[in-house]
Amino acid sequence: MILSRLSARFFRNFSECQLGFSSGTNWILGGNGHGKTNLLEAIHVLALSRSFRTHQSSDLIQWESGQSYLGGEVRSRDSDTWLSIEQKALSRRYCVNRSRVDLLEYVGRLSAVVFSTAQVEQFKSGDASRRRLLDRGLYPLQPTHLKRVLDYGRVIRQKNSLLREGPSGYNNQSRDLLDSWNLQIAVLGARIIQSRHGYIEKIRSKLLLRNNRFTPENLTLHYVASSEVDAGASLVQIEEQLTAMLNSERESEFRARRALIGPHRDRISMDVDGRCMQRFGSAGQQRSSLIAYQLAQMEVHFDLRGEYPLFLMDDLDAELDEARIDRLLQVLGARAQLFITTNKPDFIRGRSVEFTAGRGSKVFHVESGRFAEAAAVH
């Protein structure tokens with residue numbers, strides 16, 4: 001899977017941007033605040049329709065422009081495809097080969113994994129952030145999972161709105177609404193849990209095979225479904241377990257004034273040599289664990305789709321030491337198209353040729369949102 005061209009207008013600090021990329025490694029060189037990370041963000045949005053930096057989609061539109069445009073040519077095993085997203089403050093238009101499609105038809109045409117300071121912080125912080133990282137890996141493989149997560153989030157927000165009213169809002173009508181939402185939570189939740197469990201198991205098996213390729217520690221990924229539902233059970237059994245728990249915890253939820261049962265409370269963690277990485281891992285172990293997870297994630301993607309996703313790396317030299325960087329590039333150089341940002345020309349020298357595995361490389365200078373392709377780094 002290759003992103004061969006990118007077009008951007010009024011996205012962040014890009015007024016107009018037209019770039020052609022190498023199928024190997026693409027180095028993005030520039031000072032802080034000039035647009036290096038914005039380019040990675042644009043690629044991530046084009047792939048997954050979501051930023052890895054903000055939940056506010058309006059932040060992506062250049063100030064006073066009113067709308068933004070992203071477009072890109074994707075080369076895959078089967079075909080070449082032009083993807084585009086036109087965004088206004090309150091709406092988005094998704095197109096495949098310039099024909100409008102809905103989000104589910106769009107997602108999965110381009111896949112990307114990103115390593116950045118923000119991802120490291122999310123990986124070592126709360127379960128909600130790790131659920132998002134997990135789900136974003138699943139969306140290109142199972143677009144229906146995205147729909148279920150969106151539908152589930154809407155139901156949970158409606159249920160929480162009712163529960164926040166407390167006992168004063170509890171009447172026959174609200175009881176019927178609660179029963180309806182609990183039914184949807186059980187149905188959607190069972191499918192979300194089953195998808196997450198299957199995906200985690202695939203990543204877990206890859207970690208056992210691949211962890212020594214990047215880190216010497218033994219890494220173990222754990223997934224505990226909400227209220228310790230048996231995630232390995234059949235879909236019908238998971239739904240039955242959720243239904244039983246929703247019924248038994250009805251009063252507890254009214255007292256807590258929030259939904260307590262469902263996959264919005266799933267827990268995901270990783271052990272490093274038997275100790276919880278999030279609690280006891282050093283900063284270096286946390287970074288290495290995230291990359292090991294992402295490499296495993298990419299292998300799962302390859303097994304299911306026959307192609308590797310793009311790998312986006314933001315300020316890699318600020319997050320990893322030289323030895324780990326070189327090891328990572330050796331692993332990735334022959335597999336995936338890479339996009340790497342840095343503000344240090346010395347970081348690129350030598351690496352721009354050494355780790356491309358014959359697939360070529362390009363260097364782009366960015367200044368104040370404007371890009372120029374460089375013949376070499378001096």
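Me: Which residues line the second largest pocket?
Reply: This is a predicted model, in which local features need pLDDT of at least 70 and side-chain atom pairs 80 or more, while totals for chains, interfaces and linings use all residues. Residues are numbered from 1 along each chain, and side-chain values use heavy atoms without hydrogens or water. A pocket is an open set of points on a 1 Å grid over the protein atoms alone, with protein on both sides within 12 Å along at least five of seven lines, and lining residues have an atom within 4 Å of a point. The second largest pocket is lined by Met1, Val74, Ser76, Arg77, Asp78, Ser79, Thr81, Gly108, Arg109, Arg305 and Glu307.

Me: Which element gives the most to the lining of the largest pocket?
Reply: The lining of the largest pocket comprises 34 residues, with Arg132, Tyr139, Val149, Leu150 and Arg157 lying nearest its centre. At least two lining residues come from each of strand E5 (80-88), strand E6 (91-96), helix H4 (127-138), helix H5 (143-163) and helix H6 (172-214), where helices (H or I, at least four residues) and strands (E, at least two) are DSSP runs. With nine residues, the element that gives the most is H5.

How values were computed: 1 Å grid on protein atoms, 1.4 Å probe; cavity = no way out; pocket = protein on both sides within 12 Å on 5 of 7 lines; lining within 4 Å.
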